[in-house]
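Here is a colleague's note for someone opening this entry for the first time. Please keep the view open while reading the points in turn.

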Amino acid sequence: MSGHDDLWDAARDEAERRGAAYEVPVERVRARVRRRRAARAGATGTLALATVGAVVVAVPQLLGAPGGTAVGSSGDWPAAFARCGQPVDDVVAPPGRVEQTLLQARDVVGPDRTWLGTTSTRVDGAAALPDAFDDVEVVLVRDGVVVGVDGGDGRLVVSPGETVIERERDGTVTGTTAVWGYGARLVSCDQYPDGEGDPEVVAGDYEVVMTQTVTWTEPDGSTATGRASVTAPVRVSDDAAHGQDSPETCGAPASDLAATAGPEANPFAVTLDADVPSTSAPGSPLRFTVTATNEGTAAVTGATGHLGVLLTRDGRVVGTPAPREDVALDASLPAGASRTFEAASDLRGCAASDADAGAPLPPGEYEVWVTADLVLTTPRGADGGATREHLVYGPWPLRLG
């Protein structure tokens, strides 16, 4: 994948093969983070990094309720339905100046029929990319034909957060890249055009094709437009365990959580690293420190609340953050600076209700993940208001007992 040894996709493939016995590849994940940081530090002679004030949402509750697109007549169909029945070759964009590389994606779509994907988009040559990509098409393909489309309410879930400008040693710009993510709720073409077919996509194996149209600014001030597509296999399932609206909920697949964690899934200058002890006593609170580092070239100013701690075991989320009093902790960081935060977990399992504290987690092997919600006044959001960043990092191994 154009230089990416995509660990997250490999982790999800492994999850699919091993089912509930999925184990997060902890050491490979941590090694990947270290490699990426080292690559950043060593690339100052060839790369210039420009931080863009963008909102990052890990995997929010997307779109409306599952189901079809309500229409009154054939004239009311969203434009996406015109793709229904087309050969995939007519959908995929031809090669050009724009390249897309799929960094991670849901390879199993659950009953909500929501597909999520994160890609890097590269424009060859000198180009100023937009702060947001809003011309995106997602279709579902089977046997070489479009059989499902975005129901009309797809949207960005990870806005471009960091622009990488590639330069030759003489300063010539050779390319510009941004990382972003998109979510779409897929509906069936069976309902088109008479509205009488089933709007729900039938469970089974498909391919998803995401095509992006990018308009950029050339050095002389003129604009140019190009298209690029990425294709990935996807399984549509009626199993409620798949396609959680948030991977940070009890019972969510650890592979979905892994897909939102780490520097590539969180394309913002601030990164997190945790000093999680390797062992802890069951029934006793787990306490450790988390170091936030501004790896960008500009200062960030703002605050965060208590950091969240999640635990996974046997491929599922088994512990989530307990309710805590809201606080505002200073999260301001000059470029290159770090600060530490306290993090804690009561090491209790998922509660049956808000009034239930949950039972203590039994002895065994777990993985620890941390989250942080930053509210920043610098950089400002695109609307001039605060920038909100939701960061997810991990995993770190933990043995109870």
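1. Start at tryptophan 77. Its relative accessibility is 10%, so tryptophan 77 counts as buried. Keep in mind that this is a predicted model. Tryptophan 77 sits in the loop between β1 (47-51) and α3 (88-91).

2. Which residue pairs with tryptophan 77 through its ring? The partner is tyrosine 192. The ring centres are 5.2 Å apart and the planes stand at 85°, so the pair is edge-to-face. The pair links distant parts of the chain, 115 residues apart, with tyrosine 192 in the loop between β9 and β10. Tyrosine 192 is partly exposed, at 31% relative accessibility. Across the whole structure, a search finds 3 aromatic pairs.

3. Most peptide bonds are trans. The bond from tyrosine 192 to proline 193 is cis, with omega near 5°. Proline 193 lies in the loop between β9 (173-188) and β10 (204-217). A further cis bond runs from threonine 378 to proline 379, with omega near 0°. Proline 379 belongs to the loop between β20 and β21.

4. Now the chain as a whole. The protein chain holds 4 helices and 21 strands. It has 401 residues, and 48% of them count as buried. Take the contacts between residues at least 6 apart in sequence: 74% of these join residues at least 24 apart. The accessible surface comes to about 17500 Å², and carbon and sulfur atoms hold 50% of that.

5. Where does the largest nonpolar core draw its residues from? The core has 30 residues, and Val270, Leu272, Phe288, Val290, Leu311 and Val368 have the most contacts inside it. At least two core residues come from each of β12 (270-274), β14 (286-294), β16 (308-313), β19 (338-345), β20 (364-378) and β21 (387-400). The most come from β20, which gives 6 residues. There is also a second, separate core of 19 residues, including Leu140, Tyr182, Met210 and Val236.

6. Two residues deserve a check of their backbone angles. Most residues other than glycine have a negative phi. Arginine 113 has a positive phi of about 55° and is not a glycine. Arginine 113 lies in the loop between β3 (108-109) and β4 (114-124). Leucine 347 also has a positive phi, of about 55°, and its place is in the loop between β19 and β20. Leucine 347 is buried, at 0% relative accessibility.

7. Is arginine 113 buried or exposed? Arginine 113 is buried, because its relative accessible area is 4% and the cut-off for buried is under 20%. Its side chain meets that of glutamate 200 in a salt bridge (3.4 Å, N to O). This pair links distant parts of the chain, 87 residues apart, with glutamate 200 in the loop between β9 and β10. Glutamate 200 is partly exposed, at 36% relative accessibility.

8. How many salt bridges does a search of the whole structure find? The search finds 10. One of them joins arginine 122 and glutamate 99 (4.0 Å, N to O). Arginine 122 lies in strand β4 and glutamate 99 in strand β2 (residues 98-105), so the pair ties together parts that are 23 residues apart in sequence. Arginine 122 is buried at 16% relative accessibility, whereas glutamate 99 is partly exposed at 39%.

9. Aspartate 330 and arginine 339 form a further salt bridge (3.4 Å, N to O). Aspartate 330 is partly exposed, with a relative accessible area of 43%. Arginine 339 is partly exposed too, at 28%. Elsewhere, salt bridges that share partners join Glu99, Arg122, Asp124 and Glu166 into one network.

10. Arginine 142 lies over the face of tyrosine 206, at 4.3 Å from the ring centre. Threonine 249 lies in the loop between β11 (223-236) and α4 (254-259), and is partly exposed, with a relative accessible area of 31%.

Methods
Residues numbered from 1 in each chain as written. Predicted model: local features only at pLDDT ≥ 70, side-chain atom pairs only at ≥ 80, totals over all residues. Heavy atoms only, no water. Buried < 20%, exposed > 50% of the residue type's maximum accessible area, 1.4 Å probe, protein only. Contact = heavy atoms within 4.5 Å. Areas by Shrake-Rupley, 256 points an atom, 1.4 Å probe, with all protein chains shown as cover. Core = buried A, V, L, I, M, F, W, Y, C linked by side-chain atoms within 4.5 Å. Phe/Tyr/Trp six-rings, centres within 6.5 Å; stacked < 30°, edge-to-face > 60°. Lys NZ or Arg CZ within 6 Å of the ring centre and 35° of its normal.
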